[in-house]
Amino acid sequence: MRALVWHGRTDVRCDTVPDPVIEEPRDAIVKVTATAICGSDLHLYDGYIPGMMNGDILGHEFMGEVVDVGPGNTKLKVGDRVVVPFTICCGECFFCLKGLWSCCERTNRDADKAREMFGHPCGGLFGYSHLTGHYPGGQAEYVRVPFADVAPTKVPDGFSDEQMLFLTDILPTGYQGAVYAEIEDGDTVAIWGAGPVGQMALRCAKMLGAGHVVVIDRVPERLAMAAEAGAETIDFEQEDTYDRLNKITNGRGPDRVIEAVGMEAHGAGSWDAWGDRALAATGLGTDRIHALRECIRNVRAGGTVSVSGVFGGYLNGFPFGAAVQKGLTIRTGQCNVLNYMQTLIRAIEEGKIDPSFVITHRCGLEDGPKMYETFRDKKDGCIKVVMRPHG
Ligand code: NAD
Ligand code: ZN
Ligand code: ZN
């Protein structure tokens, strides 16, 4: 079959690889009908997350048709149309039973590596390095889905792949971002990052009662898409975010902030007056955590900082003193997709949200390598790429 394969930093190729087969009784094989490139894939593309190896198949946002099931899988049958959450979970361990699906302690085949780095085994992820189980990903014609009797979810008829695909990741991630922000009715919410996750977080923040949402980015097309959904926007390269947010909030700062940038952050504006530029050998430099620093700096005292962005290791220049002085709540995590799945399927069915609005580019797998670059560099107004491996 054809699949997008990581060969090194910024080197993704569409290769011919062996078809996946059932390996464990609870497995299923899914024929991928639609798959997307995520901002998290860019962290692998740019080499910010360690543990990728030459030959690893990428992709963790995918859906499709079940074409084979293992003998121990009583939930799925051949022909089912499913969305497959990006986190692999067993459904039975201490963390799964608490709804902390992304922290499943049984699905990471490289748990020792994760424990060494994070102090926890961490759940398995599709297409996301040897730190999280080296599971081949779904930017492929077919994918093996382990523990397929837990997370994969059948989708209702009458909706296109494009309407359902983002239930695998960015829609619930945006939703969790808004839930973790602890929004109260009428709150002012500021969101850093108008990429796919920020776009979803904006719409979910409104669903959860935000009175006013401000979105910060520097890419015109992305800011325009946020404005279409009713957000006030700030181009952080054109004006001082701190001043503008203070004007909007009578000098106090937004009640809740959401970080939807992660390690692609570009520093600009006021950040350098607020810390040093030192790049430590042990961690990401302050320019790469610019948005996170801005979130902590701008949120009002007693407010909540919800971090959806992904960070791979140590952070240099994390302003913890401000978090203490302002009495902040900080919440973060990989998305526990299953907690929001049914709520979000209903929201799509009821027309409260149609996540396909975010798609700007459509192609086959062969064009995937080029699309990684287009998406990373925000060329051609690219906000979200969806690939159809079978045309
Ligand atoms: P993306 O890279 O397309 O979007 C990031 C946006 O941030 C871009 O539009 C960029 O211009 C903007 N940006 C860069 N620096 C900025 C700054 N200093 N201030 C404000 N905006 C800035 O990615 P995405 O797909 O939207 O994903 C965003 C983050 O969410 C990534 O880190 C990704 O790994 C993470 N993510 C997390 C989860 C989870 O489960 N927690 C799931 C999916 C994605
Ligand atoms: Zn993702
Ligand atoms: Zn588990």
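Okay, let's start with E61, which sits in strand β5, residues 61-69. Strands here are DSSP runs of E with at least two residues, helices are runs of H or I with at least four, and both are numbered from the N terminus. Keep in mind that this is a predicted model, where local features need pLDDT of at least 70, side-chain atom pairs count only at pLDDT 80 or more, and totals for chains, interfaces and linings use all residues. Residues are numbered from 1 along each chain as written, chains are lettered from A and ligands numbered from 1 in written order, and side-chain values use heavy atoms, leaving out hydrogens and water.

So, is E61 buried or exposed? Buried, with a relative accessible area of 0%; the cut-off for buried is under 20%, with a 1.4 Å probe and protein chains only. Its side chain makes a polar contact with the side chain of K384, at 2.8 Å. By polar contact I mean N or O atoms within 3.5 Å; within protein, one must be able to donate a hydrogen and the other to accept it, and residues adjacent in sequence count only if both atoms are side-chain atoms. Leaving out residues up to four places away in sequence, E61 also touches others, including A34, C38, F166 and D169, where contact means heavy atoms within 4.5 Å.

Next, the metal. Which residues hold the zinc ion, ligand 3? The protein donors are the SG atoms of C90, C93, C96 and C104, at 2.3 to 2.4 Å. A donor is an N, O or S atom within 2.8 Å of the metal (3.2 Å for Na, K and Ca), and since water is not among the atoms, sites may look incomplete. Along the chain the spacing reads C-x2-C-x2-C-x7-C. Why call the arrangement tetrahedral? Because the four donor atoms subtend angles of 103 to 116 degrees around the zinc, and four donors qualify if all angles lie between 85 and 135 degrees. Both C96 and C104 are buried.

Now over to ligand 1. It is surrounded by 33 residues, and the closest are S40, H43, D217, H290 and C335; the cut-off there is a heavy atom within 4 Å. A backbone polar atom of G39 is 3.0 Å from a ligand 1 oxygen, and one of S308 is 3.0 Å from a ligand 1 nitrogen. Q334 brings a polar side-chain atom to 3.2 Å from an oxygen of ligand 1.

Last stop, helix α12, residues 368-376: its buried residues are G368, M371, Y372, T374 and F375. Just after α12, K378 takes a positive phi of about 55 degrees.

How values were computed: Tetrahedral: all angles 85-135°; square planar, octahedral: opposite > 155°, others 65-115°. Buried < 20%, exposed > 50% of the residue type's maximum accessible area, 1.4 Å probe, protein only.
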